[in-house]
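Hi there,

Here is the structure I promised to pass on. Please have a look at it first, and then read my notes below.

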Amino acid sequence: MIADHLNAIDHANFRSVCSSWRASSYKRPTIPLIIMGNYNKRGIQTICFFDTDINHIINLSKFTIEFGSYFCGSSHGWLAFFSQPFLRICLQNPITGARFMLPKTYVYCDAGFDEPFPIKVMLYPIEVRKFGLLNSLPAKVVLSGPATDPHCIIAIIWRHCQRVDFCKVKDEAWKTIEYYGRLVFQDLLFYKGHLYLSYKANIFHLDMEANKGEGEIVLVARAGPMEFGRIKMSFLVEFCGDLLLILCFNIGDCKYKLWKVNLEKNNRLELLQDQGERVVFLGHSGAVGMPPMSLLGSRPDSFFGRELFNMFQSDCNVFDVYDHYGDMNLKLKEYEVDINIWEPISWFQPCLQYS
């Protein structure tokens, strides 16, 4: 069957043609794709995707990025890049080729390059062994929905900046809300129309009506008691209608802990006891959560079935590009991926009809 050899994107398109084509092919598991970047000293040259179910690299002809861009996030089927030549965030749909250039940013720092430029470039480091330096996300971007939605809001957090910037696609400038506590946000997520942020075991909410309509970032929940020094990173993810906080620990028997934000009980954080009933993919652009049933049907000889699951399975079923970059890189080499060219960055969940 032709459909058996198609990657995730082509397979979904194949099944959407007509009912007979759909009936003649099996329904694939909805495993996120691995985003792979080809770096140089000035940023990313090209991007491709690795399909872990058929062990195949996907190159999309409609998808191109500006030379010297830096990856900033994946949200609602869109990728975000900081375009160094234009000092702007660019949103791109790698499948359709659609793109939006957002307003110019005004966060200035000396990034350690030949000339300073107005943005932070050392957020969530990705080790690029080829050049012996840390190449990283200059910012972390999340969308409230598809960028083609006129009501979509784009929000950004920056390294070493205690603030959140947000705008809509057609806005001419960003709106900024500062936070005056001594922390730097690690993740952000739109949940039920509201923006939430995390720093270690703390969850914050962007209250747009506070401060006489100017907006304010307020602490809404804190997990505890625990040793904050053990927490390496925090992620926010929506899972089956719930808002979850995922904590990654440096040391200890438990590598990950999942907490549910109970908005009906004064935003109380509740430690999940049945953590194995959830599957979470962690990456430099955030987290993707899904029930284990959606992963059924993966091929026995697939990278996911043979390597990924064995590498990263824990009591929480966490698959972590963020913390296990080196392990994943070595395993990808065994599947004829040239790791001297490609670096695993994060996960991409394309908006496809998996019918």
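A word on contacts before anything else: two residues are in contact here when heavy atoms lie within 4.5 Å. On that basis Leu-143 touches Ser-75, His-76, Trp-78, Leu-91, Cys-152, Ile-153, Ile-154 and Phe-190, leaving aside residues up to four places away in sequence.

Some housekeeping: this is a predicted model, with local features needing pLDDT of at least 70, side-chain atom pairs counting only at pLDDT 80 or more, and totals for chains, interfaces and linings using all residues. Residues are numbered from 1 along each chain as its sequence is written, and side-chain values use heavy atoms, with hydrogens and water left out.

Now the overall picture. The protein has four helices and 25 strands, taken as DSSP runs numbered from the N terminus (helices are H or I with at least four residues, strands are E with at least two). Of its 355 residues, 54% are buried; buried means under 20% relative accessible area, exposed over 50%, and partly exposed in between, with a 1.4 Å probe and protein chains only. Among contacts between residues at least 6 apart in sequence, 50% join residues at least 24 apart.

Back to Leu-143, which is also one of the residues with the most contacts inside the largest nonpolar core, alongside Ile-89, Leu-91, Val-141 and Ile-154. That core has 21 residues; a nonpolar core is a set of buried Ala, Val, Leu, Ile, Met, Phe, Trp, Tyr and Cys residues joined through side-chain atoms within 4.5 Å. Strands 4 (69-75), 5 (78-83), 6 (88-92), 10 (139-143), 11 (153-158) and 12 (161-168) each contribute at least two residues to this core.

Strand 14 pairs with strand 15 (residues 194-199) in the antiparallel sense over five bridges, where pairing takes at least two DSSP bridges between the strands. Asp-187 has Ser-198 as its bridge partner in strand 15. The two strands form a hairpin with two residues between them, and Lys-192 in the turn has a positive phi of about 55°.

What about the cysteines, and how many disulfides does the structure hold? It holds zero, a disulfide being a pair of cysteine sulfur atoms within 2.5 Å.

Finally, the aromatics. There are eight aromatic pairs, counted when ring centres of Phe, Tyr and Trp (its six-membered ring) lie within 6.5 Å; planes under 30 degrees apart are stacked, over 60 edge-to-face, and the rest tilted. Phe-185 and Phe-204 make an edge-to-face pair, 5.3 Å centre to centre with 75° between the planes. Phe-185 sits in the loop between strand 13 (175-178) and strand 14, and Phe-204 in strand 16 (residues 202-207). Both are buried, and together with Tyr-179 they form one aromatic cluster.

Best wishes
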